[in-house]
Amino acid sequence: MDVVGTLNAGFKRLPPWPLCVLGVLPVLWLFYRAVIGDLGVDPVKRIEHQMGLWGLWLVIAGLSITPLCRLAGLRLMKYRRAIGLLTFFYILVHLLVWLVLDVQILSEIWKDILKRPYITIGMAAFVLMIPLALTSNNWSVRKMGAAVWCKLHKLTYAVAILGSVHFVMLVKGWQVEPLIYLVVILTLLALRLDIFQRRPGQAQRSAKA
Amino acid sequence: MTGRWKNDLNWSDVTPKSVFLNRRKLIAGMGAAAIGGVAGPALAKLNAAPSAFSTDEEPNTFEQITSYNNFYEFGTSKEDPAKYAHKLTTQPWSVKVDGLVEKPGDYPLEELVDGAPLEERIYRFRCVEAWSMVVPWVGFELKHLLDKVGVQPGAKYIGFETANRPREMPGLAYRVLEWPYREGLRMDEAMHPLTIMATGLYDEPMPNQNGAPIRLIVPWKYGFKSIKSIVRITLTAEQPQASWNMAAPNEYGFYSNVNPDVSHPRWSQATERKLGGGLFAKRQPTLMFNGYQEEVADLYAGMDLKKNF
């Protein structure tokens, strides 16, 4: 039996909801360590950066699902909603830590959002995620119709690009790590282009995504 | 902490030796540095004299000062220098002094610092990233060194270079900046009594991650001006190159004086977070020239500090 078949059989038995529960644990762990003083000299930045980074990882995980299905035949589609909602949660915490613990001053927050391009871009990515999070339920899919819903959720692509550009822009100098994430995300988006779509015999096209 | 009773004791007198020795053991263990380097010379007290230039603000702990550093030659994360800086060989160390000096040459460090009056200077340290610490440096005035090597009349600026040793500094593999790290000052800034060459902190020799064995400290400028692990000092007639200024001239000016009214293009400099206060510490206002306005404002009389940031 092939590896993909075994994996797919395993996924069939594994529901997506435990992902949501497991996904919250690292956040609780991070705050617990901050409170007991185990996050080093600057716990605020540490949480802020860690949440942003994990959020970006989740974006990449979510974007990987369609190419993995089309190119490798792995069926992970049912986990995508859980991953998307977790991403929103992580980025929401990232934003709240920045607002409440880092910048602290309301007037400064507005100035930052309007005046600093990397924050404007990050903020835009977050705003675009709101309708995605709100419509990540079956009721919305039915209400909107699959076609419209799919179109709306293409916003994910914009969110992914904005999020990774935000990271590239905020570091001092040209650092390697954020550039790697940007390249990975652009690659995952490129894999959705038509030229990569003809793989005869591969898993049939699932609902276009 | 202002208005507190002042005495003439060093902070090292109140931090029990056993406490920071234990920390050292911990740090050494973390970096797997047990192979030497840390143990021997680090235990010698420098017996620096107290200074009237010291602030009476509470210094950060030895552990905080030595575990959170920007020293990109060892990596861009704040924890990298504490992890990797033990690889830096600081003995022997020599500093090349050239340019418009009377007595140029390759000076062994011992010769360069010989007879220098070591003082403890407890300075505020303000990073361009809008965090700050208070650090009890040990060092001597740069003027003392310059008097020793002799400044030629034509010298208007001073340039510094950090060691550039890819074998000992893993961060050099990445071209985040143009290496070697460079910084510079105007000659009157260099001669100012607040400007010191630091060789230690908490009355002990400088830990590698903080710029051993000798670094610059200019307390009224953003931290990146205070170049670490110096191997070259050049006096010039022209303004020398400075690494961050070369990398992003719109973000990091040659002067880079701490100034709450001139924001970095990507963040405000009006306030700062003093590290060590935990998760819920309040931001505090950033002071003009990092609180050293009285001492240094004259250096910039008549200059537009928004233009010459």
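Predicted model: local features only at pLDDT ≥ 70, side-chain atom pairs only at ≥ 80, totals over all residues.

User: In which sense do S6(B) and S11(B) pair, and over how many bridges?

Analyst: Residues are numbered from 1 along each chain as its sequence is written, while chains are lettered from A and ligands numbered from 1 in the order written. Strands are DSSP runs of E, at least two residues, numbered from the N terminus, and two of them pair if DSSP finds at least two bridges between them. Strand S6 (residues 157-162) and strand S11 (residues 230-236) of chain B are antiparallel, over six bridges.

User: Which residue of S11(B) is the bridge partner of Thr162(B)?

Analyst: Both strands belong to an open sheet of five strands with mixed pairing, in the order S3-S2-S11-S6-S7 (chain B). Within S11(B), Thr162(B) has as its bridge partner Ile230(B).

User: Why is S5(B) largely enclosed by the rest of the structure?

Analyst: A residue is buried if 20 or more other C-beta atoms, placed from the backbone, lie within 10 Å of its own. S5(B) is largely enclosed because the number of its 11 residues that are buried is 10.

User: Which residue of S8(B) is the bridge partner of Trp137(B)?

Analyst: S5(B) pairs with strand S8 (residues 196-201) of chain B in the antiparallel sense, over five bridges. S5(B) also joins strand S4 (residues 119-126) of chain B through eight bridges, again antiparallel. In S8(B), Trp137(B) is partnered by Leu201(B).

Key: Helix = DSSP H or I, 4+ residues; strand = E, 2+ residues; numbered from the N terminus. Buried ≥ 20, exposed ≤ 12 C-beta atoms within 10 Å, placed from the backbone.
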